[in-house]
Amino acid sequence: MEGIFLQEVVLVKEKNIKWLYEELPVLISKGILTQETAEEIRKYYGEADERNWLKIMIAIFGTLGAILIGGGIILIFAKNWDTLSVGARTVLSLTPLIISQLIGLYVVLKKSGSMAWKEGISVFIALSVGAAISLIGQTYNISGDRTSFTITWMLLIVPLVYIFDAFTPSLIYLAGITFWAGFEQSEGGHAALYWVFLGILVPYIIKAFKNTGSNRYVLVLWALCLNLCVSLGIVLEKVLPGLWIIIYSSFFTVLFLVERTYRHKTDSLGQQPFNVMGTMGILVISILLTFEGFWDSIGWHEYRHDTRFNELAGIVDYILVALLLSGAVYLFLKNLNTRNSKNNKNSITLVYGFAALLSVICYLLASVYRDGSIPVVLYNAYVFVMGVYTIVYGIRNKHMGVTNGGLLIISMLIIVRFFDTDMPFMVKGLSFIMVGIGFIVSNVMLIKKQKEVNSHE
């Protein structure tokens, strides 16, 4: 019954959105709304069809169907492959590709409004391209390795993202260029071209960023965040040890502040990929940097001249530092000025947004003095302050989840120090007791405030 009720709610909501879109031209013609305002409304709610999760599920199952069909065809070919002539192999290698492209043409002409068709056929074409490259190469003994195969395949399928406006090929492409970067680095090369390949997808990413109401575009942004979390570590040349500290801290700070500056329009965490990934990234990096081991042997005194490290490719690391740190500082100052101008300074945004600047300060201290003790103290204090401000923010906004999150941050700090220091067990035990009391007291306070608000209403 609950599932039927939720489905009815979704259908009613979509019906209302469609009605609103039908009324927009009338409201514009009467001068009640401007064209710009109407466009903003469309961007906020997204396409009405896209907000129906049933249609998204159909698209997903259509994609899975395309994958199974493609896999089945490949298996049938593989069983009898050795007994076929070169000509027969060539025809069979290209047949799925030709069929998939013919179906793709039909979808563009007749089914351009169906997300399920577009997602399914784009995956089918992507698999057909990969199979064709592999089978033709094997048939004619064309030399190549996994790096060239991977990037060739990805560059051939990336147009599908724009032709069909399909998010699944974009996910495949993001994964593919990351695998390419890993293969390239593992074989002694460098993966600086990853950023060029990622740049091909930038127009689609910008489109996804602007369409805050579309579930499928949000999936693209989630995939981008996860991809960059992995790819940053792979692509870095690491000529200058420890530079990853500034890069990752600045990256997560940019994610956090971008969401709050330009996209913070919904209470749903699922619709806030940058905010969630940025917050989690800042917390994880900050807790890791409370360990002294991460500050050993970093800085220009430890510059790597080994033949395994390419100094020219290392320039990309410095460019990343400059771009990400500049972006983090700009967004931090923008939030600082905005809060001050409104006399409503949001301390928690500024506390989390300070992560990039703190990483630079601590990196310079560790490099100059060749000692990580000061950065460790600063990061322990920083994590504690983050926990306190999160608790205060949660209590002020009557948000129990945020309050418990702040208490969890302080608990994590105590736990990591429990195993990392020789602090007396009495002190450790009292610390745990105090945090436990904090959990109980804060939740009781929030429940009491909520009851007062409800009784007043």
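# Salt bridges and helix packing

Asp165 is buried, with a relative accessible area of 17%, where buried means under 20% relative accessible area, exposed means over 50%, and partly exposed covers what lies in between (1.4 Å probe, protein chains only). The model is predicted, and for that reason local features need pLDDT of at least 70 and side-chain atom pairs count only at pLDDT 80 or more, while totals for chains, interfaces and linings use all residues. Residues are numbered from 1 along each chain as its sequence is written, and side-chain values use heavy atoms, with hydrogens and water left out.

## The chain as a whole

The secondary structure of the protein chain comes to 19 helices and zero strands; helices (H or I, at least four residues) and strands (E, at least two) are DSSP runs, numbered from the N terminus. Of the 457 residues in the protein chain, 42% are buried. The chain exposes about 24300 Å², and carbon and sulfur atoms supply 68% of that area, as calculated by the Shrake-Rupley method with a 1.4 Å probe, with only the protein chains shown counting as cover for residues. A contact means heavy atoms within 4.5 Å, and among contacts between residues at least 6 apart in sequence, 72% join residues at least 24 apart.

## Where are the salt bridges?

A salt bridge is a side-chain nitrogen of Lys or Arg within 4 Å of a carboxyl oxygen of Asp or Glu, and by this rule the count comes to three.

Which residue forms a salt bridge with Arg146? The partner is Glu187, and the closest N and O atoms of the pair are 3.1 Å apart. Glu187 lies in the loop between helix H8 (167-186) and helix H9 (194-199), whereas Arg146 belongs to helix H6 (residues 146-157), so the pair ties together parts that are 41 residues apart in sequence. Glu187 is partly exposed at 44% relative accessible area, and Arg146 is also partly exposed, at 41%.

Asp165 forms a salt bridge with Lys207, with the closest N and O atoms 3.4 Å apart. This pair links distant parts of the chain, as Asp165 is in the loop between helix H7 (159-163) and H8, and Lys207 is in helix H10 (residues 202-210), 42 residues apart. Lys207 is partly exposed, with a relative accessible area of 37%.

Asp165 also pairs with Arg216 in a salt bridge whose closest N and O atoms are 3.0 Å apart. Here again distant parts of the chain are linked, since Arg216 lies in helix H11 (residues 215-235) and Asp165 in the loop between H7 and H8, 51 residues apart. Arg216 is buried, with a relative accessible area of 5%. Through salt bridges that share partners, Asp165, Lys207 and Arg216 are joined into one network.

## How H8 meets H11

Helices H8 and H11 pack at an angle of about 5°, with their axes 10 Å apart; axes are lines fitted to C-alpha atoms, for helices over the stretch in contact, and angles run from 0 to 180 degrees between N-to-C directions. That angle makes H8 roughly parallel to H11, given that angles under 35 degrees count as roughly parallel, over 145 as roughly antiparallel, 65 to 115 as roughly perpendicular and the rest as oblique. The residues that make the contact include Phe167, Leu171, Leu174 and Thr178 of H8, and Arg216, Leu219, Val220 and Asn227 of H11. The residues of this contact divide into 12 nonpolar, six polar and one charged, with Ala, Val, Leu, Ile, Met, Phe, Trp, Tyr, Cys and Pro counted as nonpolar, Asp, Glu, Lys and Arg as charged, and the others, Gly among them, as polar.

## Some single residues

Most residues other than glycine have a negative phi. Lys238, in the loop between H11 and helix H12 (243-263), has a positive phi near 60°. Arg370, in the loop between helix H16 (355-369) and helix H17 (373-396), has a positive phi near 55°.

Ser367 is found in helix H16 and, leaving aside its neighbours within four places in sequence, is in contact with Ile298, Gly299, Trp300 and His301. Leu323 lies in helix H14 (residues 311-341), and its C-alpha atom is separated by 9.5 Å from that of Phe251, 72 residues apart along the chain.

| Residue | Relative accessible area |
|---|---|
| Lys238 | 35%, partly exposed |
| Arg370 | 55%, exposed |
| Ser367 | 0%, buried |
| Leu323 | 59%, exposed |
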